[in-house]
Amino acid sequence: MKFRINIVALLILLSLQIDSASQTNESSPSIADSTSGSVKYFQLSGEAGISGELYSISGRERRRPSSSGMIFFRPTLTLFENFDLSFDLLLSTEGSSTRQSINQLAIHPEWSWGKAHLGDFAHEFSPLTLSGINIRGAGIELYPWSLRFQVVGGQVQKAINDGPYNSVFSRYLTGVKLGYGKPESSFFDLNVIRVRDNVASLPRNLFNDTTAFAQLVTPQENLVLGMNTEIKLFDNMIKFTGEAAGDIFTRDMFSRDLETDKIPSAVKSLYKINISTNLDYAYSTQLDFNYDIVNAKLGYSLINPGYTSLGLTSIINDRKTINFGAGVRLLDNKLTLQGSFQTQSDNLLSQKLYTTTRSNINFTITGRPINELNLTFGTMINSMENDASSDTFRVDNINSTYMVNATSQFLMFKQSQVIVLSYTTQNAEDNNIFRKGNGVTVQNILFSVTSTITPNWSVSPSIMFNILDMERTGTTSTSTINFRVNNKMFNNKLSSSVALGYTNSESIQSTVIGFTSAYALTSADAVSFNLRSSFNNLKNTSDFNEHKANFTYTHKF
C-alpha cells in the first residue's frame, strides 16, 4: 500500500511540473504545439488531489471509521486534438476483507470512432441486461460509420470468506454489444452477457457444518440475450424505445445435472444446465410524443418471475407495469399542467394465492401570475390492494399527498431576495376492517428566506413544523429551526458558510453546527474544509454526540 501511494504522489508531482512548465512557456512554442502553432498534438489536463476525514461519536456505536483518507488522480492526455487517453485512479483507506473494495485504477483512451477501458470502470448496455455495476477488467467500444460494437470483461465481485451465510464467491462477467445507428437519431442493438461465479474462490468445507435446509451462499451463473432499440421520427417529435431480453439463470452451480434428452446438445455445449437452472424473459416499451406545448408518453413493461440478470445491481421481477403521462404549457408558459398514472401488478404466472396491484396518480399545476411569484399545487395518490376474498389476508391501503408551494423572488437593497412558503399534508389509511383505526396524518409547514444583503454576504433562515397525528397514539409535533450565513472574500476566492440547526420534539432535542470553507489558492489549486457536529438529547434512550471533519486539496492542470 505504501508503494502504491508513493507512485500516486509521484504522478501528482509530475502533473504539477507539467502544468507549471506549460504556464511558464505560454508565450513561446512548446512541445504541445505544431510548427504552425494552430494544432496542439500533446495536451495534458485533469485533476489530482487528496482528501482526509476524522470521525468520532460518543454514546452510540460508530457508523464510520475513526479516520480515513483518499488519493485521486484523473489526468487526460490529448494527442493531435482527436485522441484522448484518460486515467482514473482512486485509492482509499476504507474497506476491509469483508467488503468490496472501492479503490479504482483505470485508463480510458478515446478517439473519434471509439474508446477503450482498462482497469475499474462502470458500463451500460441496456436497463435489462447490463447497467450499474463496476467492472475490473477491460473493454472496447468501436463506432465506425453507423456500426456499434462493444466488448467488456472482467471481475465484478471479489471473493469474501465470511462464513456459510455471508460469504461471497468471486464473479466474472463478459459482455458483447452489436448494433447499428447513432444515439442522437435511431439505433438497434443486440446484447449478450455471460456472468459466472468462480466455484474455487471459496473452500467447499465452508458449507459442511450446516443443516440441509439452511439458506447458504451458492455459486451462480447467468446468460442473458437481449435487444434494444430507439426510433426517432419527425425531428424527435415521436420517439419509440423498446427492449426485450431472455435469460438462463443457475441459482446453484453445485446442484446435480438435469438429465433429459429434450435439451439440444448445442445448448449444453454453451451452458451447463442443472436442476436449479431457470429460463425466463422480460420486455419494456415506451412511446413519447413532444410537440410545441404538448408532451405525452405511454409505456408498458413485463418482467417475469424468473427473469434475472447478474449484470444489474438490482431488479424487481414478477411485475407488469402500465404508465401514462401528459403535460401542456399555456399562456406563454405561465401555466403548466402535468399528470401521470401508473399501475403495477404481480403474480404473472398465478403462482401466488393473491395478486397485488399498486397504482399511482400524480397531478401538478405550476403557475406564474407575475414574474416575481411562482405557485405550485400538486397531489399524489398511491394505493395498494390484493384480490384476497378473506379480510384476514386482504390488503387495501391508500396514501394521499397534497402540496401547495409559493416562491417569491424580488429585489431589495439592489440584491436578490427569495421567500418560500409551503404546506404539505399526507394521509395514510388501511381500509381492512381488522386494521381500522391505524390511520396516520402528517402535516409539514415550511417558511424560508434567502436574503442577499451585499454581494459578499447572504443569510438563509428557515423554520419547519411537523405535526404527526396517529389515530391510536395521538398527536406529536416537531419543530426545526435552521440558520445559515454565507460569505465571500478576497475577490470570491474564499467562500465560507456557518450553519446552525435546532430540532425539538417529544422524543429528541438535537443541535447541529456546521462550518464549510473553500479557498482558491491559485487558478488551478483549491482547498476545502468541512466540519459538522451534532449534539442529541434523546428522552427515552441514551444521548449521543457525533463529530466529523473533512479536508480536501484539489489541483487542476
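This is a predicted model: local features need pLDDT of at least 70, side-chain atom pairs count only at pLDDT 80 or more; totals for chains, interfaces and linings use all residues.
Student: What makes I231, L233, F234, F240, L287, L298, I322, F324, F341 and I361 a nonpolar patch on the surface?

Tutor: Residues of a patch must have over 30% relative accessible area, and nonpolar side chains are joined within 5 Å; these residues form such a patch, with about 900 Å² of accessible area together. The elements that give two or more residues to the nonpolar patch are β10 (221–233) and β14 (319–330).

Student: Why is I322 called partly exposed?

Tutor: I322, which is found in strand β14, has a relative accessibility of 36%. Buried means under 20% and exposed means over 50%, with partly exposed in between, and therefore I322 at 36% counts as partly exposed.

Student: How do you know whether L331 is buried or exposed?

Tutor: The relative accessible area of L331 is 62%, and the cut-off for exposed is over 50%, so L331 is exposed. L331 lies in the loop between β14 and β15 (335–345).

Student: Which class of exposure does D332 belong to, and why?

Tutor: D332, placed in the loop between β14 and β15, reaches 76% relative accessibility; exposed means over 50%, and D332 therefore counts as exposed. The phi of D332 is near 55°, a positive value in a residue other than glycine.

Terms used:
Residues are numbered from 1 along each chain as its sequence is written. Side-chain values use heavy atoms; hydrogens and water are left out. Patches are made of residues with over 30% relative accessible area and no salt bridge: like charges are joined within 9 Å, nonpolar side chains (Val, Leu, Ile, Met, Phe, Trp, Tyr) within 5 Å. Accessible areas come from the Shrake-Rupley method with a 1.4 Å probe; for residues, only the protein chains shown count as cover. A salt bridge is a side-chain nitrogen of Lys or Arg within 4 Å of a carboxyl oxygen of Asp or Glu. Helices (H or I, at least four residues) and strands (E, at least two) are DSSP runs, numbered from the N terminus. Buried means under 20% relative accessible area, exposed over 50%, partly exposed in between (1.4 Å probe, protein chains only).
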